[in-house]
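Here's a quick tour of one protein model, written for someone new to reading structures. Have a look at the picture first, then come back for the notes.

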Amino acid sequence: MIWSVLFAWGCGSQPETEPVVAPCRGPDCVEAASEGDPALVLFVVMDTVRASSLSLCGYERPTSPFLDSMSQAGAAWSCNAQTPSSWTIPSHASFFTGQHVFEHGSHRDGESVLPLSADAETLAERFSSQGYDTVCISANSFVSEVAGLTQGCDFVRKGRRNLAGAEVVQTLREVLENRTPVEKPLFVFLNFYDAHTPWQPIPEGVGWLGARPLPENDAALRWSFMRGEMKERESQGYLEHIGDLYDYGVSLEDHFFGEAFELLRTEGFMAGGVRVVVTSDHGELMGEHGMLNHGKTLYEPITRVPLVYWEKPDRQQVHLPSDPFSATSSFHLALEGRYVPLPAMAVDLPFPYWAKNTGGKVGNETWFAQWEGSSKTVWEDGSAREFDLEVDPLETAPRAVEVSLPAQFKRVLDQEAMAPPPDEMLDMLKALGYAE
């Protein structure tokens with residue numbers, strides 16, 4: 001009896017089992033068949049993510065494995081898109097309307113902020129008119145009704161508190177619970193915020209980064225650095241510390257974008273065709289030019305961001321320029337699935353909060369920038385400088401030029417002063433560190 005059992009099992013060997021196959025993940029696993037418009041349009045803003053800190057763009061740290069997988073799956077992508085401004089509200093207003101800041105007029109004037117006009121037609125409104133349900137979930141509380149940015153959204157994440165990436169994904173999961181993919185086509189806007197301060201501490205086990213706590217009194221340290229009060233050794237250690245925190249935040253945004261993508265894929269919302277557009281509203285200064293943060297100045301670490309476009313099935317081939325181009329082109333990519341060239345131009349207006357905290361080092365100036373090929377012209381309070389980004393990518397050797405300010409920018413200067421912001425907007429400005 002014993003021998004017969006052993007013989008049945010192959011003389012005592014274990015029975016053969018099927019090899020464990022990891023579940024398929026990512027854009028390569030999308031099986032979509034559709035004629036006509038895609039059943040899902042996904043527009044993602046990775047808040048505060050500069051191109052130079054992405055592995056997609058050649059950064060040595062593995063900060064963007066999911067974006068990398070999109071490029072490997074045939075996405076059109078560029079690390080040379082230029083944002084229309086240096087902070088959330090004007091950039092999102094441009095992405096949602098396809099207009100430059102001087103056209104839509106939503107920007108800062110001193111301590112005031114002009115919301116996007118109700119007369120503006122947003123991406124969500126455009127898709128709604130085409131029969132799409134529209135979902136807008138932003139971790140950044142500035143992307144809100146009070147800023148005029150959620151016009152046309154059937155579902156809006158409300159609240160002044162900023163969200164972690166996991167909360168964005170969970171909110172999306174809850175929105176999808178009562179839907180089936182065959183009901184109506186779906187437009188989803190997501191904003192991930194983990195690369196924006198205040199960052200999260202780095203836990204043990206990340207692998208490519210050591211554990212890091214948050215710096216104590218970080219706000220005070222930032223202003224001290226920008227005022228030039230830190231000694232060299234302290235400054236170097238501080239920049240290394242927050243550089244790790246920022247890179248970890250960038251990787252979190254990439255990770256949670258991947259989770260949201262997988263949620264939509266596995267729930268069947270991509271089966272009727274899918275279009276994905278990913279960009280950032282601005283980057284971040286991490287010590288370049290003696291500065292940190294964003295919201296003031298138009299140096300490349302602030303303005304140069306990624307732009308990724310992917311569609312399945314691929315209805316028309318999209319090619320993005322190699323020279324600097326406007327990230328506002330994401331509007332047409334999301335709406336129409338085609339690249340529409342727009343002039344690369346950016347606006348940044350005086351910021352009293354910065355001027356106060358940096359001892360007047362920066363914050364009192366009006367900045368405009370325009371890119372043509374590798375040439376970048378910057379007007380700072382009327383004085384023009386030109387940078388050749390091909391030979392001077394760090395913008396350390398400007399050349400003074402006699403170039404008049406383009407007429408489009410003058411519209412911003414000619415605008416009448418605005419009224420003080422409503423209390424809700426002022427609370428948001430304070431919560432995000434843009435006012436006191």
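A nonpolar core is a set of buried Ala, Val, Leu, Ile, Met, Phe, Trp, Tyr and Cys residues joined through side-chain atoms within 4.5 Å. Buried means under 20% relative accessible area, exposed means over 50%, and partly exposed is in between (1.4 Å probe, protein chains only). Keep in mind that this is a predicted model: local features need pLDDT of at least 70, side-chain atom pairs count only at pLDDT 80 or more, and totals for chains, interfaces and linings use all residues. Residues are numbered from 1 along each chain as its sequence is written, and side-chain values use heavy atoms, with hydrogens and water left out.

**The cores**

- The largest nonpolar core has 74 residues, and the ones touching the most other members are L67, M70, L172, L190, F192, F257 and V276.
- Helices (H or I, at least four residues) and strands (E, at least two) are DSSP runs, numbered from the N terminus.
- Another core, with 42 residues, lies apart from that one; A93, F96, A334 and M425 are among its members.
- Who does L67 meet? Skipping neighbours within four places in sequence, L67 is in contact (heavy atoms within 4.5 Å) with M46, L54, L56, D254, F257, V278 and V308.
- As a bit of background, nonpolar side chains tend to be buried together in soluble globular proteins.

**Helix α8**

- α8 is 35 residues long and reaches 51 Å from its first C-alpha to its last, close to the 51 Å expected at 1.5 Å a residue. That expected span is 1.5 Å times one less than the helix's number of residues.
- Most of α8 is covered, with 25 of its 35 residues buried.
- Just after α8 comes G268, which takes a positive phi of about 90°.

**The disulfides**

- How many disulfides does a search of the whole structure find? It finds 3, where a disulfide is a pair of cysteine sulfur atoms within 2.5 Å.
- C24 is joined to C29, with S to S at 1.5 Å, and this link is left-handed, with -85° about the S-S bond. C24 counts as partly exposed at 47% relative accessibility, while C29 is buried at 10%.
- C57 and C79 pair up with their sulfur atoms 1.9 Å apart. This pair links distant parts of the chain, 22 residues apart: C57 is in the loop between β1 (40–46) and α2 (65–72), and C79 is in strand β2 (residues 76–82). The torsion about their S-S bond is about -90°, so this disulfide is left-handed.
- C57 is partly exposed at 23% relative accessibility, whereas C79 is buried at 13%.
- C136 is joined to C153, with S to S at 2.0 Å. C136 lies in strand β5 (residues 133–138) and C153 in the loop between β5 and β6 (155–156), so the pair ties together parts that are 17 residues apart in sequence.
- Both C136 and C153 are buried, and their link is left-handed, with -70° about the S-S bond.
- If you number the bonded cysteines in sequence order, the pairing reads 1-2, 3-4, 5-6.

**A look at H100**

- H100 sits in the loop between α3 (88–97) and α4 (101–104).
- Is H100 buried or exposed? H100 is buried, with a relative accessible area of 6%.
- The H100 side chain reaches the backbone oxygen of P343 at 3.3 Å.
- Leaving out residues up to four places away in sequence, H100 touches S94, S326, L342, P343 and M345.

Terms used
Polar contact = N/O pair within 3.5 Å; in protein donor to acceptor, adjacent residues only side chain to side chain.
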